[in-house]
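Here are some notes to read alongside the model. Keep the structure open and find each residue as you go.

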Amino acid sequence: MTHLTRRGVLGTGISGTAALLAAPALIRPAFAADTVKLGCLFSSSGTMANLEGRLNHVVRMAADAINGRGGVNGRQIEVLTSDPASDWPLYAQVGRQMLQQEKVAALFGCWTSVSRKSVLPVVEQNDGLLFYPLHFEGDENSKNVVYVNSPPASSVLPAVDYLMGPDGVGAKRFFMIGSDYVWPRTINKQLKGYWKSKGIPESAWREEYVPFGFSNFQTLVNQVRSFASQPGGQAIVVLTVVGSSIPDFLREFANQGISATDVPILGLDMVEADLEGLDTAKLVSHLNCWAYLQAAKGERNQKFLADWAAYVKAKNVPFSADTVIDPMVSAYDSVNLWALAAAKAGSFAVPEVRKAFAGLSFDDPSGYTLTMTGENNYVSRGVFIGSVNEKRGFDVLWQSPDAPKPVPFSPYG
């Protein structure tokens with residue numbers, strides 16, 4: 001493994017010691033010159049580390065599997081990683097370095113929408129490709145980004161509808177708690193528009209925002225308790241905090257003795273990894289919604305789980321061999337979609353790869369077949385609603401009958 005430290009960040013005007021501080025080292029394996037490079041923009045430190053750090057490894061796992069089958073267009077894949085340290089401007093700096101200096105064929109990265117939007121002008125200015133593995137707020141359609149996960153119409157709205165309906169809890173009132181950045185604020189703006197279209201009055205909801213990495217939720221949970229005790233029908237929490245704030249919120253909710261039968265939580269960014277170390281007996285039946293759950297049925301998922309466990313053991317990966325989350329699978333899907341497109345194009349040039357997206361399909365571990373069309377760079381995929389169980393995981397409560405066509409722009413925003 002070679003550690004490459006750059007003495008300058010291209011295009012930033014930074015030099016000398018300041019550049020060394022601003023530009024994280026790029027890490028890559030020792031490969032022959034005749035390779036094709038892919039770059040990762042996932043943090044292994046800071047508030048997003050426990051989640052994003054896993055994605056560096058699963059990108060390598062996917063690349064290793066493709067290399068074992070002969071690579072792409074006669075070349076082996078070389079994966080470069082770095083650590084943007086959960087610092088949003090650093091994602092853009094490292095992305096620029098990877099595109100301009102390392103000449104990567106594609107970038108795979110970002111968790112938060114603020115980091116994606118930091119990288120967006122970089123890939124557009126350099127005509128690069130960013131494969132983005134998170135479900136997000138939509139309302140964006142760049143030819144330089146492949147939106148591998150679901151916009152709200154495919155994931156958030158079905159989950160909210162479920163909770164509002166007879167199979168859910170007949171929710172009529174909504175307490176929105178989010179991290180203070182574009183994804184929670186945009187999602188909540190869309191939800192308010194959706195509820196207004198259903199005739200729900202503004203008095204039926206409340207929204208609060210906290211900084212990244214916020215951990216002391218005692219006051220906010222007290223406010224949820226007060227809100228839920230007011231008349232007007234069943235209240236739920238729509239939770240859009242991210243990173244380390246998720247387990248901190250869940251822990252405080254459980255500590256105050258509020259159960260899912262009292263006030264259900266719909267955690268829109270909550271994944272299996274957020275439950276590690278928690279006593280989930282007190283959190284049973286809180287919900288999430290994603291395009292993949294570890295509990296998904298089928299041989300493809302069982303193979304993926306076994307492959308990840310074997311990879312963790314073989315490579316001494318510092319994450320659980322027993323925990324798989326949607327963005328890991330989406331990152332794996334991303335590498336495979338890129339490889340399929342590059343092989344179809346017979347080229348690594350971005351314009352040619354982009355032309356090859358139309359008609360692509362990939363059978364992913366969720367059990368659904370992912371597809372792309374020529375209309376945009378969104379990927380059609382299924383959706384699950386999960387329910388927390390006592391074993392620090394999610395049971396599949398509901399899943400879509402097929403992979404719905406993505407709706408990039410919300411009519412409710």
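**Notes on a helix pair and some salt bridges**

1. Start with Arg54. Its relative accessibility is 1%, so Arg54 counts as buried. Keep in mind that this is a predicted model.

2. Which residue does Arg54 form a salt bridge with? The partner is Glu276, and the closest N and O atoms are 3.1 Å apart. Glu276 has 32% relative accessibility and so counts as partly exposed. In general, side chains of opposite charge can pair when their charged atoms come close.

3. Now place this pair in the chain. Arg54 lies in helix 2, while Glu276 sits in the loop between strand 13 (265-267) and strand 14 (287-290).

4. Helix 2 covers residues 49-68 and helix 10 covers residues 326-345. They pack at an angle of about 35°, and their axes are 9 Å apart. The crossing is right-handed.

5. By type, the contact of helix 2 with helix 10 has 13 nonpolar residues, 1 polar and 1 charged.

6. How many salt bridges does a search of the whole structure find? The count is 17. Two further pairs are worth a look.

7. Take Glu140 and Lys117. Their side chains form a salt bridge, with N to O at 2.9 Å. Glu140 is in the loop between strand 8 (130-132) and strand 9 (145-147), and Lys117 is in helix 4 (residues 113-125), so the pair ties together parts that are 23 residues apart in sequence.

8. Are these two buried or exposed? Glu140 is buried, at a relative accessible area of 6%. Lys117 is partly exposed, at 34%. Both belong to a network of salt bridges that links Arg116, Lys117, Glu137 and Glu140.

9. Finish with Glu202 and Lys196. Their side chains meet in a salt bridge, 3.5 Å from N to O. Glu202 counts as exposed because its relative accessibility is 54%, and the cut-off for exposed is over 50%. Lys196 has a relative accessible area of 48%, so Lys196 is partly exposed.

Definitions and conventions
Residues are numbered from 1 along each chain as its sequence is written. This is a predicted model: local features need pLDDT of at least 70, side-chain atom pairs count only at pLDDT 80 or more; totals for chains, interfaces and linings use all residues. Side-chain values use heavy atoms; hydrogens and water are left out. Axes are lines fitted to C-alpha atoms, for helices over the stretch in contact, and angles run from 0 to 180 degrees between N-to-C directions. Helices (H or I, at least four residues) and strands (E, at least two) are DSSP runs, numbered from the N terminus. A crossing is left-handed if the near helix is turned anticlockwise from the far one by less than a right angle, and right-handed if clockwise. Ala, Val, Leu, Ile, Met, Phe, Trp, Tyr, Cys and Pro count as nonpolar, Asp, Glu, Lys and Arg as charged, and the others, Gly among them, as polar. A salt bridge is a side-chain nitrogen of Lys or Arg within 4 Å of a carboxyl oxygen of Asp or Glu. Buried means under 20% relative accessible area, exposed over 50%, partly exposed in between (1.4 Å probe, protein chains only).
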